Amino acid sequence: MTDHGHELAFGGFLTPAAGRPNQVVALATLCEQVGLDLVTFQDHPYQPGFLDTWTLMSYVAAATDRISLAGNVLNLPLRQPVVLARSVASLDLLTGGRVELGLGAGAFWDAIEATGGRRLSPGAAVDALDEAIQVVREVWDTGRRGMIRVDGEHYRVVGAKRGPAPAHQVGIWVGAYKPRMLRLVGRAADGWLPSLAYLSKGPDELPALNALVDEGARAAGRDPAAIRRMLNVTGEFARSSTGFLAGPPEQWVEELAGLTLAHGVTTFVLGSDEPRAIQLFAQEVAPAVRELVAAERTTPGSGARDVVQEQAAAGGPRALAVTPTPDPGVRLSDRRLWDETTRPTAPPPPAGHVYPARAQAAGQHLVDVHDHLRQELAQVRDLLEQVRRGAVSPGGARAALNAMTMRQNDWTLGAYCAAYCTVVTQHHGLEDASVFPHLRRADAGLAAVLDRLEEEHVVIHGVVESVDRALVELVASPGDFTALQEAVDLLTDTLLSHLSYEEHQIVEPLARHGFFPGQL
């Protein structure tokens with residue numbers, strides 16, 4: 001199998017636990033915040049312990065802005081193809097092209113039959129999936145004249161109207177392991193999405209399975225390169241290696257890059273509900289895998305590791321090309337909670353220090369996270385305006401603010417700079433793995449800056465709480481927005497000032513030392 005050159009993509013595979021719906025949504029939001037391309041959910045409609053996957057996807061789509069969504073994979077025997085095609089197209093239109101279609105032929109037939117589905121033999125299940133893909137493509141093909149007519153043994157469509165067409169060319173990804181299914185993937189699908197845990201020989205099984213996909217493609221007159229090779233992966237991040245995808249991030253990087261270069265896998269979907277694992281996968285593993293694969297594609301045969309080492313030896317980028325976001329300089333409140341003139345500054349970087357691509361990415365990540373917080377601050381101000389206009393109730397605004405604060409505390413800054421977490425989490429959980437202790441150990445000259453940042457974190461947390469208290473007061477005494485406006489203005493002043501100060505002081509140290517030991 002050769003590398004067909006598809007752009008690499010990385011995603012999350014989350015458990016849709018009905019007992020923890022808020023956590024599932026928070027994890028999906030985290031996947032977007034840390035930079036993953038895709039978030040997916042398993043689909044078992046007969047499982048009462050799970051949220052309905054399609055309902056969950058629709059909810060998460062509304063709670064996110066950029067990340068793509070897919071079932072991994074949707075249970076075809078319990079989802080009628082015409083309705084499913086229109087559901088996918090509708091959500092794709094509503095999200096501006098962020099939905100993909102993962103399909104499975106069915107596996108747990110006792111449960112499927114108990115829920116009202118038809119029990120099918122393995123061969124019949126493949127035939128049904130083949131017919132369903134035809135139906136879905138016919139529904140989406142609005143450029144073709146005439147009604148839809150598919151006279152299949154399992155799905156018959158006799159005159160349904162076409163449409164709607166999705167916003168983008170939705171990929172149909174099939175989970176498959178057996179020869180007939182694999183040939184069907186090559187003949188009719190856009191992607192092959194197996195799980196590494198289901199391959200008895202592990203990665204060694206991929207060449208034979210890929211060959212069957214290729215065989216199906218060629219028999220249908222298709223280029224095998226048209227089928228994206230994908231993989232659900234699980235593993236463990238640890239200090240030392242204990243097996244395949246069980247070890248430090250650097251090991252994951254080499255092993256996943258190897259799967260791309262040797263077996264053509266270009267989409268990796270991490271099965272994990274652990275926030276730290278998701279963050280490491282997105283921010284440490286994914287960028288480095290892209291770098292290694294790009295290096296090998298640029299210089300075939302030299303070996304990805306050798307190319308990266310040669311680039312480092314050549315110096316790479318000499319200057320740090322990350323630009324901190326400036327303080328807007330405008331103050332909306334008359335109150336000042338700290339004296340900006342007393343802020344300490346970080347020591348200058350070593351002369352002539354080289355910043356390779358991975359270092360640049362580490363520095364840029366802090367700016368990206370802060371830019372997200374700036375966007376959510378703008379949402380807070382927008383919510384206030386909506387309350388003033390009567391577009392949303394004060395109680396609704398309070399719930400939205402609380403949801404954003406939780407995302408900031410628990411999933412974003414808690415892992416990287418301990419912002420807003422000093423009081424809330426009392427140094428528990430993700431605080432233990434925050435970046436500040438690492439930077440203190442790496443560079444003693446940063447101590448004064450880090451002390452000041454931690455002090456400002458405490459202050460900002462108090463301001464966030466004051467906004468919430470003002471919203472509570474507004475519910476009790478509607479109509480008087482004075483206290484709420486003052487609290488939001490003070491939050492704007494303190495947060496934007498703090499974010500800019502932090503970026504100017506520690507973006508460069510992060511580009512030298514990383515967010516944790518061994519990252520760079």
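User: Is arginine 162 buried or exposed, and what relative accessible area does arginine 162 have?

Analyst: Buried means under 20% relative accessible area, exposed over 50%, and partly exposed in between, with a 1.4 Å probe and protein chains only. Arginine 162 is buried, because its relative accessible area is 16%. This is a predicted model, in which local features need pLDDT of at least 70 and side-chain atom pairs count only at pLDDT 80 or more, while totals for chains, interfaces and linings use all residues. Residues are numbered from 1 along each chain as its sequence is written, and side-chain values use heavy atoms, with hydrogens and water left out.

User: With which residue does arginine 162 form a salt bridge?

Analyst: Side chains of opposite charge can pair when their charged atoms come close. A salt bridge is counted when a side-chain nitrogen of Lys or Arg is within 4 Å of a carboxyl oxygen of Asp or Glu. Arginine 162 pairs in this way with glutamate 138, and the closest N and O atoms are 2.7 Å apart. Arginine 162 lies in the loop between β7 (156-160) and β8 (172-174) and glutamate 138 in helix α5 (residues 122-140), so the pair ties together parts that are 24 residues apart in sequence. Helices (H or I, at least four residues) and strands (E, at least two) are DSSP runs, numbered from the N terminus. Glutamate 138 counts as buried as well, at 17% relative accessibility.

User: How many salt bridges does a search of the whole structure find?

Analyst: The search finds 22 salt bridges. One of them joins aspartate 3 to arginine 297, with 2.7 Å between the closest N and O atoms. Aspartate 3 lies in the segment before β1 (9-14) and arginine 297 in helix α9 (residues 275-298), so this pair ties together parts that are 294 residues apart in sequence. Aspartate 3 is partly exposed at 21%, and arginine 297 is partly exposed at 31%. In another pair, aspartate 151 meets arginine 156, the closest N and O atoms being 2.9 Å apart. Here aspartate 151 is exposed at 63% relative accessibility, and arginine 156 is exposed at 56%. Salt bridges that share partners also join Asp43, Asp52 and Arg79 into one network.

User: How much space lies in the largest pocket, and which residues are closest to its centre?

Analyst: On a 1 Å grid over the protein atoms alone, a pocket is an open set of points where a 1.4 Å probe fits, with protein on both sides within 12 Å along at least five of seven lines; lining residues have an atom within 4 Å of a point. Grid points are joined across faces, edges and corners, and the volume is the space filled by probe spheres set on the points. The largest pocket holds about 920 Å³ of space. It is lined by 36 residues, and those closest to its centre are Val73, Ala107, Gly175, Tyr177 and Tyr198. Two or more lining residues come from each of β4 (74-75), α5, α6 (179-188) and β10 (228-233). The element that gives the most is α5, with three residues.

User: Where are the cis peptide bonds, and which residue has a positive phi although it is not a glycine?

Analyst: Most residues other than glycine have a negative phi, and most peptide bonds are trans. A cis bond joins asparagine 72 and valine 73, with omega about -5°. Valine 73 is placed in the loop between β3 (68-71) and β4. The bond from glycine 163 to proline 164 is also cis, with omega near 0°, and proline 164 lies in the loop between β7 and β8. Leucine 245 has the positive phi, about 55°. Leucine 245 belongs to the loop between β11 (236-237) and β12 (246-247) and is buried, with a relative accessible area of 0%.

User: What does the side chain of glutamine 505 reach?

Analyst: Glutamine 505 lies in helix α15 (residues 482-513) and is buried at 11% relative accessibility. Its side chain reaches the backbone nitrogen of alanine 346 at 2.7 Å. Contact means heavy atoms within 4.5 Å. Not counting residues up to four places away in sequence, glutamine 505 touches Pro344, Thr345, Ala346, Leu446 and Val449.

Definitions and conventions:
A polar contact is a pair of N or O atoms within 3.5 Å; within protein, one must be able to donate a hydrogen and the other to accept it, and residues adjacent in sequence count only if both atoms are side-chain atoms.
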